[in-house]
Amino acid sequence: MSEKFIRTEKLIGISGMEILKKSRVAIFGIGGVGGHVAEALVRSGLGQIDIIDNDIVCESNINRQIFATEKTVGMQKTESALQRLKEINSDCIVNRHDIFFMPDTSGLIDFSVFDYVVDAIDTVTGKIEIIVQSQKAGVPVISSMGAGNKLDPTAFEVADIYKTSVCPLARVMRRELRKRNIPELKVVYSKEQPVTTRADFPASCAFVPSVAGLIIAGEVIKDLIKGSH
């Protein structure tokens, strides 16, 4: 075991570390939430990661996105992520997919090769497609609900989508998933009432989406190594 993961090994054991090393996780959206998921998984010893995002790093990302710095502004987010993740663990296989994931592009991704899928995108249509394709492939999936316009990082909870409340995005997702007869979905969501702003775009900060991402990473690791002890 590499010295860099020795402290994680003390928590989850050699068998847990071996499971992570052999696992492949897809993260759809590597912004404020997904970027922190990716970094935490790679720092935990994940063997292979797929990052799916078509955005370019812009200056307004710097306040909350871990791969956004003054140096990376103008880069593809996946390229910025690739460079940083490889600096953390050069042995991790990082697969870039520079696509805007929607139903018309879902055929570009083979869900059957993943051990776990993380949905950290904002578009409802894309989120639903991720969930549908994951369940078709029999792959566990966890979905991030709304992290914008929030200030309380302690308000996040892990729950089934049908047991959520308050979150406006979760309400829409419940409705759409019922239409498709999808019986369950693990999500991370916040019960905090959104802050009202006058902006025509969601407000955000450094300490809310990051916490959501770290919670998701923890759930992925826990589920992957479940039963290894």
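Me: Let's start with Lys-186. What is its relative accessible area?

Reply: Lys-186 has a relative accessible area of 25%, so it counts as partly exposed. Keep in mind that this is a predicted model.

Me: Thanks! Which residue does the side chain of Lys-186 meet in a salt bridge with a 2.9 Å N to O distance?

Reply: That partner is Asp-223, with 2.9 Å from N to O. Lys-186 sits in strand S7 and Asp-223 in helix H6, so this pair ties together parts of the chain 37 residues apart in sequence.

Me: Nice. Which residues are linked with Lys-186 in a network of salt bridges?

Reply: The network joins Lys-186, Glu-219, Lys-222, Asp-223 and Lys-226.

Me: And how many salt bridges does a search of the whole structure find?

Reply: The search turns up 15. One of them is between the side chains of Asp-55 and Lys-77, at 3.7 Å from N to O. This pair links distant parts of the chain, 22 residues apart: Asp-55 is in the loop between strand S2 (48–52) and helix H3 (77–88), while Lys-77 belongs to helix H3.

Me: Is Lys-77 buried or exposed?

Reply: Lys-77 is buried, because its relative accessibility of 7% is under the 20% cut-off.

Me: Okay, over to helix H5. Which residue forms a salt bridge with Glu-176?

Reply: Glu-176 pairs with Lys-179, and their closest N and O atoms are 3.2 Å apart. Both residues lie in helix H5, three residues apart, which is about one turn of the helix.

Me: While we're on H5, at what angle do the axes of H4 and H5 cross?

Reply: Roughly 50°, and the axes of H4 (residues 124–137) and H5 (residues 168–179) come within 11 Å. The two helices are therefore oblique to each other. H4 passes H5 in a right-handed crossing.

Me: What about H2 and H6, how do their axes cross?

Reply: The axes of H2 (residues 34–43) and H6 come within 7 Å and cross at roughly 45°. That makes H2 oblique to H6. The crossing of H2 past H6 is right-handed.

Me: Which residues form the nonpolar patch on the surface?

Reply: Leu-151, Val-195 and Phe-207, with about 260 Å² of accessible area together. Val-195 lies in the loop between strand S7 (186–190) and helix H6 (209–225), and it is partly exposed, at 32%.

Me: Last one: how far apart are Ser-23 and Ile-225 in space?

Reply: They are 9.8 Å apart, C-alpha to C-alpha, despite being 202 residues apart in sequence. Ser-23 is in the loop between helix H1 (6–22) and strand S1 (24–28), and counts as buried at 5% relative accessibility.

Conventions
Residues are numbered from 1 along each chain as its sequence is written. This is a predicted model: local features need pLDDT of at least 70, side-chain atom pairs count only at pLDDT 80 or more; totals for chains, interfaces and linings use all residues. Side-chain values use heavy atoms; hydrogens and water are left out. Patches are made of residues with over 30% relative accessible area and no salt bridge: like charges are joined within 9 Å, nonpolar side chains (Val, Leu, Ile, Met, Phe, Trp, Tyr) within 5 Å. Accessible areas come from the Shrake-Rupley method with a 1.4 Å probe; for residues, only the protein chains shown count as cover. A salt bridge is a side-chain nitrogen of Lys or Arg within 4 Å of a carboxyl oxygen of Asp or Glu. Helices (H or I, at least four residues) and strands (E, at least two) are DSSP runs, numbered from the N terminus. Buried means under 20% relative accessible area, exposed over 50%, partly exposed in between (1.4 Å probe, protein chains only). Axes are lines fitted to C-alpha atoms, for helices over the stretch in contact, and angles run from 0 to 180 degrees between N-to-C directions. Angles under 35 degrees count as roughly parallel, over 145 as roughly antiparallel, 65 to 115 as roughly perpendicular and the rest as oblique. A crossing is left-handed if the near helix is turned anticlockwise from the far one by less than a right angle, and right-handed if clockwise.
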